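Please take the sequence and the structure shown below together, and follow the text through the charged pairs and then the open space.

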Amino acid sequence: MYLKNFCLPFFLSITLGFFSCNSEDSGTVSENEEFIDEGEGKVVGLLDNVEIKEYVLKNKNGMEAVILNYGGIVKSLLVPDKNGNLQDVVLGFDSIGQYLRTENPYMGAIIGRYANRISRGVFVMDGRSYTLESNDNENSLHGGIKGFDKVVWNAAKKGNSLRLRYVSIDGEGGYPGNLNVEVMYELTDDNELKITYAATTDKPTPVNLTNHSYFNLSGDYSESVLNHILHLNADKYTPVDETLIPTGEIARTGGTPFDFTTPKAIGEDIQQVPGGYDHNFVLNKLGDSLTLAATLYHEGSGRFMEMFTTEPGVQFYSGNFLDGSLTGKGGKPYQKHAGLCLEAQHFPDSPNRPEFPDTILQPGEKYSQTTVYKFSIK
Ligand code: BGC
């Protein structure tokens, strides 16, 4: 259950005039109504006669994020290196057509209704079985065939922030309940890309949202990320079976290749992990405060990224399925480990794992998540 102490936010919402609380229906997610489409979105494509637009967010230090209303995709993110040179640190494509192709492995996108896998695409809730779309062997991955990464969101920009809204209707992808979703991207003057998620529903439903950006801090995608130094604030992780579904065990990372509690190169132990890293790490934290989940460092450029989240887990995916078949930005192929994802999340397959933190959102509750990627130089 999300937001167990719902009365306090309800009270605050009235006081601050910030959130709208609509307890019986799926409701308005927030009252960020001062956001208007300033007409700044540039039309870059069409999907079923709906305009795909891109929006540019800038901060006072020259950082720039380009975000699409299609899938809420972070298309590019310019970050300075130790010499002040701005380079793009996220993988993606030069043309919109490439984003629309089914081979696109969720580059930069918002993932929902349920990020990560649900075993065999089935779960039971309140005694009833729900069947989702299976799109990863028998499992349902990242919301199914047409997840939140493949829809056009309603976008409105204000200053350094972009507000995206989407209504996922009852039954979409097999999920129950109308879900009102709002995602806010903000590029702060502290060099943070801040992502705030909110959702409300009119029927109980699993919700697990994330962002699927592939980072390569070198800015050169032909260089693999195996030389990046990763720190994960996780003493534990959830081992998986051969289809990447958690076995249910919560194992210690200490003394295993999964131990990133002391920063180490991603390539150091990766040979000992069949297939590479694609695992949920259980963050060292109590409750849902915004805490440090990970840091990532690329020595050559000096770029350093810190990730903070309110979520209990992070999926560290080392770009194992990139195989050179996708032509990336600048016409270069994305080889294995050309980028890595750090996806803030609840644990995979939680609807089938009562022992994992609960992912069922109830009518009258509000799903909320904040994740921050903060950039600096070391
Ligand atoms: C998953 C991988 C999957 C990838 C798709 C990641 O979030 O953990 O298993 O292949 O998304 O690009």
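Which residue's side chain meets that of Lys264 in a salt bridge? In this predicted model, the partner is Asp269, with a distance of 2.7 Å from N to O. Lys264 has a relative accessibility of 8%, and Asp269 has a relative accessible area of 15%. Because buried means under 20% relative accessible area, Lys264 counts as buried, and Asp269 is buried too.

The count of salt bridges comes to 11, and among them is the pair formed by the side chains of Lys329 and Asp88, at 2.6 Å from N to O. This pair links distant parts of the chain, since Lys329 lies in the loop between E25 and strand E26 (340–345), whereas Asp88 belongs to strand E5 (residues 86–88), 241 residues apart. Both Lys329 and Asp88 are buried. Another salt bridge joins the side chains of Arg101 and Glu103, at 3.3 Å from N to O; here Glu103 is partly exposed, its relative accessible area being 42%.

From the charged pairs, we turn to the open space. The largest pocket has a volume of about 690 Å³, and of the 33 residues that line this pocket, Thr102, Asn104, Pro105, Tyr106 and Leu141 are the closest to its centre. Helix H2 (96–100) and strand E25 (313–317) are the elements that give two or more residues to the lining. Sorted by class, the lining of the largest pocket holds 14 nonpolar, nine polar and 10 charged residues.

Key
Residues numbered from 1 in each chain as written. Predicted model: local features only at pLDDT ≥ 70, side-chain atom pairs only at ≥ 80, totals over all residues. Heavy atoms only, no water. 1 Å grid on protein atoms, 1.4 Å probe; cavity = no way out; pocket = protein on both sides within 12 Å on 5 of 7 lines; lining within 4 Å. Points joined across faces, edges and corners; volume = space filled by probe spheres on them. Helix = DSSP H or I, 4+ residues; strand = E, 2+ residues; numbered from the N terminus. Nonpolar A, V, L, I, M, F, W, Y, C, P; charged D, E, K, R; others polar. Salt bridge = Lys/Arg side-chain N within 4 Å of Asp/Glu carboxyl O. Buried < 20%, exposed > 50% of the residue type's maximum accessible area, 1.4 Å probe, protein only.
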